[in-house]
Amino acid sequence: MKIANGHELIQLFESWSPKSFALKDDPIGLHIGQLNSQVQNVLVTLDVTLDVVQEAIDQNCQLILAHHPPIYRPLKNLRTDTPSGKMFSLCIKHDIAVYAAHTNLDVAPGGVNDLLAEALELQQIKFLDETYAEPLMKLAVYVPSIHAKELRKQLGVVGAGQIGNYDSCSFSSSGTGRFKPLVGSNPVIGSLNSLEELEEEKVEVVFASSMKSKILKTMYAIHPYEEVAFDLWTLESKTGQQGIGRVGFLQQPMSLDLFAEKVKQQLNVPFVRVVGEATTIIRKVAVLGGDGNKYINTAKRAGADVLITGDLYFHVAQDAQALGLSVIDPGHHVESIMKIGVSEKMNKMCEEKKYACTFIASKISTEPFRQL
Ligand SMILES: [Zn+2]
């Protein structure tokens, strides 16, 4: 086992929930401190409050992983006589780093929205709104025919040619390659100042753009030539689609009020606010943790009978009512489901990576409301 530093742990986390999944202008990443030190324990929390930082100190945590970014808007000052200033000051004093994973964690497979959809026991879960897709790239490389098989094989091994449920997909065409080695060259085939001709294969493969450097590195390693002739271009088609929110079906259709009761139990909240007729039949459910006011039209278009989201505004509730979309608002704090979800996932990943680090779910509730 190895004691990892903050960078290594964040790299591991981002291999699951990359920054590229975040929505535009979301202030994610390292907010407080530094990641160079060794980290034995990480506290996972929904919000960073003074109590949460004290908990991190008590639990010997060197890093806090939070869903809500503590610095959401740029700071105008850093006064230590304000609640947030006290919190920042305590972090700095105890050298505790704070890293925020917000919409990237909402979007990530197995992230906040999947955890909510699973807690609601939804079936055939899909994302509600596509927010991320990666362009496909295509490589066409010219290689002596006798080396083509090995090149195709190794490109396949590093992930080129993955199309749906197939891997190692490639296309080859044969032809004649020509070249004349000049002074300063060191040709594997052919000799100085003499035009060479030989049978070559053009190997074509597609891959996700994020794999580009790995694919090119493999191509250069396997290809026998000093100078490799290849074409590389970005395609219109995309891959690796991800999205925010989830939509899925109930195992058994039920009335809105019965479902709202179930939501209370499944998401462990004392009350919910409900928009819609009590007897409306619910089959398809959209869920978006946090503030999903912008998603009522998306949920309706996705064919959902009900949207479960927090922080519902009065006028948005009226709009949903007019659209014929039911809404259940269980509050924003249901996102605290991420504390255990992220801790379990990261502890498993640390074990696989042989990192001696424990992710601890914060025991502090940051729910500001109580019900009377
Ligand atoms: Zn939130």
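**Zinc site.** I started at the metal: the zinc ion is coordinated by His68 (NE2), His332 (NE2) and Glu335 (OE), at 2.0 to 2.1 Å. Donors here are N, O and S atoms within 2.8 Å of the metal (3.2 Å for Na, K and Ca), and water is not among the atoms, so sites may look incomplete. This is a predicted model, where local features need pLDDT of at least 70 and side-chain atom pairs count only at pLDDT 80 or more, while totals for chains, interfaces and linings use all residues. Residues are numbered from 1 along each chain as its sequence is written, and side-chain values use heavy atoms, with hydrogens and water left out.

Along the chain, I read the spacing of the zinc donors as H-x263-H-x2-E. I then checked burial, taking buried as under 20% relative accessible area, exposed as over 50% and partly exposed as in between (1.4 Å probe, protein chains only). Glu335 comes out buried at 2%, while His332 has 24% and is partly exposed.

**Pockets.** Next I looked at open space. The grid is 1 Å over the protein atoms alone; a pocket is an open set of points where a 1.4 Å probe fits, with protein on both sides within 12 Å along at least five of seven lines, and lining residues have an atom within 4 Å of a point. Points are joined across faces, edges and corners, and a volume is the space filled by probe spheres set on them.

The largest pocket holds about 800 Å³. I found 34 residues in its lining, with Gly331, His332, His333, Val334 and Glu367 nearest the centre. Helix H11 (residues 337-353) gives the largest share of that lining, 3 residues. Helices (H or I, at least four residues) and strands (E, at least two) are DSSP runs, numbered from the N terminus. By class I get 15 nonpolar, 11 polar and 8 charged residues for the largest pocket; Ala, Val, Leu, Ile, Met, Phe, Trp, Tyr, Cys and Pro count as nonpolar, Asp, Glu, Lys and Arg as charged, and the others, Gly among them, as polar.

The second largest pocket has about 650 Å³. Its lining has 31 residues, and closest to its centre are Tyr72, His102, Thr103, Asp291 and His332. Helix H3 (83-93), H4 and strand S10 (281-291) each supply at least two lining residues to the second largest pocket, S10 giving the largest share with 4. The classes there are 11 nonpolar, 11 polar and 9 charged.

**Aromatics.** I counted 5 aromatic pairs, pairing rings of Phe, Tyr and Trp (its six-membered ring) if the centres lie within 6.5 Å, with planes under 30 degrees apart stacked, over 60 edge-to-face and the rest tilted. Phe13 and Trp16 are edge-to-face, at 5.6 Å centre to centre and 80° between the planes. They sit 3 residues apart in helix H1 (residues 6-16), so about one helical turn separates them.

**Gly110.** Last, I looked up Gly110, in the loop between helix H4 (103-107) and helix H5 (112-119). Leaving aside neighbours within four places in sequence, Gly110 is in contact (heavy atoms within 4.5 Å) with Trp16 and Leu115.
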